[in-house]
Amino acid sequence: MTLDFLGSLQRTQMCGELRPEDSGKDVVLMGWVNRRRDHGNLIFLDVRDRSGITQVVLDKEVSAEAHAKAEAARSEFVVAVKGNVRRRGAGLDNPNMATGEIEVVATELLLLNEAKTPPFSPAEDAIANEEVRLKYRYLDLRRVEMQKNFKMRHDVARAIRNYLSDAGFLEIETPFMTRSTPEGARDYLVPSRVHGGQFYALPQSPQIFKQILMISGFDKYFQIARCFRDEDLRADRQPEFTQIDLEMTFPQQELVFRTVEGFLAAAFATAGITLSGSFVQMTYDEAIRQYGIDKPDMRLPAMVDLTDLLTPELRETLKIEQALPVLGFVIPNAGGLSGTERKKLLSEVRGSFGDCGLDLLDVERLKTNETFAPLAEAIEAKMSGAASDLSIVVTPKLGTPEKWNYDPQWIYKRVGALRLELAKKYADKHKLFEQTGTAADYKFLWVTDFPMYEWDEEAKVWNAAHHPFTSPHEEDIKAGRLTNDKGAVRALAYDIVLNGTELGSGSIRIHRQDVQAEIFRSLGMSDAEAKERFGFFLDALEYGTPPHGGIALGLDRIVMILAGATSLREVIAFPKTAKAIDLMVDAPTPVSEQQMKELSLRTVVRS
């Protein structure tokens, strides 16, 4: 096959731009052949670029040469078309295409490059085999859905950048190669050739650097930053990710909240979603008690505490532990089960409890017992579920306190997990999370006052629940809880949550060297160790550090939710698999012995 050269030919229009008002216009289009249909003297090529698709007609009577070239064209060939725009014939419009009312009658066709038969067609709406998609990512990214996702990602990032710039924030880049710091996950390490046996770390976040920028007097910083974490992957996690990182001086929590709500409104507006008003706020303790999780999905009703409805006598009769709460929840539209279906569901749920000390209270059976019927009625009244809803009541079995170590939060968390599990089970069938294309689809929430510390039962130590640069509540410092009652210390930390997904975390930071040193000591870090790891930062805190705070939100997660995708891989151009492998470039790979020698490294294979 003889291919053509582009020469001086220039594109006049993108493929998705032409409309009926362009009829009669001479145009030049360039792109890929999406589909080809041969009707003898007429050949139709759907030509695609990132803006959309235009139908091109190759009429043998108009240009025999162009028609002959179209006979050789196949899907994914790269072509240039010169021609004239016309309205399609009566009844031939395609309402599924933005350009469906017009077509281009070609006078010239250039075949700029040919293509092998691809393992899948970019014209397909969905490709089941994700590994094949990732191996041939350059083909996958040609698909209309993927092109749409990355246009959305660009628009969202631009809107956020513009909003923060207009609000007086300066975009400042921080280093990719730094030192290892505790951020809650393993670092990716980079060996130094010049300093044998020593390593840089890729940043899990720009945390320390953005705090130093506040010490440096920049007042308001932001960055759309690349970050890296060597951790196990899942649908909403990748080893390298992008976050919207910001920090400001002299803030209260509310100032951070208003800033984030502002740039999220600007970002969602690019997708035609109008957000208005401030987001709901609740404390960590409220979130656990109402939803059993610190990132509640507010599209589902909260749990209901039914404890006060059960007298000690009723608890004893029903074999319910006296000291622990009884909780109920409702799954909208998932009711109406037959007796057989209800028994099967209750059996499955009981099976999921194992021996954790929980059981179900069968409200339907209570109704048939004269003694318990009033209790059943009171439970239903308090839960406020409709007949079309599925109502579940969970009780702690007799003897549960020993099993649960008298920690009622465990029950809230376990029941909260069951609530989400059942919601997912019935989501598709009962359209629980059906999208309406409006702001009502997006339930934002600020969760505040997280615990400052969390107990590691295996290591028998207290760890920082967020990171060690988070400020405790002032009253908890004054009360001496940092040393006397770590479990009661609240952090000035906050998360922004959307539809059950954590979008980001932030906090008001520690700006005093004495408090920062005390926090390090409370985490079991000696002064010498703190000096070795963070000496530069502790020194900086002594040179007039202003109060400051900030937050970081996952750009990938925001775009994923807006795109209606179920995995970050749909909105990251070149993602890794669940095993952290890049199938397209075949990474990671071994390196040569010479490279290892230059880096003072050798490989030890673990058995």
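The model is predicted. The protein is divided into two parts, domain 1 (20–113) and domain 2 (300–432). Strand β2 (residues 42–49) is largely enclosed by the rest of the structure, and antiparallel pairing links β2 both to β1 and to β3.

**Domains**

- Domain 1 spans residues 20–113, and domain 2 spans residues 300–432.
- Taken over C-alpha atoms, the centres of domain 1 and domain 2 are separated by 62 Å.

**Strand β2 and its partners**

- Seven of the eight residues of β2 (residues 42–49) are buried, so the strand is largely enclosed by the rest of the structure.
- Strand β1 (residues 26–39) runs antiparallel to β2, and seven bridges join the two.
- Within this pairing, Arg37 has Phe44 of β2 as its bridge partner.
- The hairpin of β1 and β2 has two residues between the strands, and Gly40 in this hairpin takes a positive phi near 80°.
- On pairing with strand β3 (residues 52–59), β2 is again antiparallel, here over eight bridges.
- Val47 has Thr54 of β3 as its bridge partner.
- β2 and β3 also form a hairpin, with two residues between them.

**Ala157 in helix α4**

- Ala157 is placed in helix α4, which covers residues 144–166.
- The relative accessibility of Ala157 is 13%, under the 20% limit, so Ala157 counts as buried.
- With neighbours within four places in sequence left aside, Ala157 is in contact with Ile224 and Leu555.
- From Ala157 to Ile43 the C-alpha to C-alpha distance is 41 Å, and the two residues are 114 residues apart in sequence.

- A nonpolar patch on the surface is formed by Phe176, Met177 and Tyr200.
- Together, these three residues have about 280 Å² of accessible area.
- Met177 lies in the loop between β6 (170–171) and β7 (189–191).
- The relative accessible area of Met177 is 44%, which falls between the 20% and 50% limits, so Met177 is partly exposed.

Methods: Residues numbered from 1 in each chain as written. Predicted model: local features only at pLDDT ≥ 70, side-chain atom pairs only at ≥ 80, totals over all residues. Heavy atoms only, no water. Domains from an automatic or database assignment. Buried < 20%, exposed > 50% of the residue type's maximum accessible area, 1.4 Å probe, protein only. Helix = DSSP H or I, 4+ residues; strand = E, 2+ residues; numbered from the N terminus. Pairing = 2+ DSSP bridges. Contact = heavy atoms within 4.5 Å. Patch = residues over 30% accessible without salt bridge, like charges linked within 9 Å, V, L, I, M, F, W, Y side chains within 5 Å. Areas by Shrake-Rupley, 256 points an atom, 1.4 Å probe, with all protein chains shown as cover. Salt bridge = Lys/Arg side-chain N within 4 Å of Asp/Glu carboxyl O.
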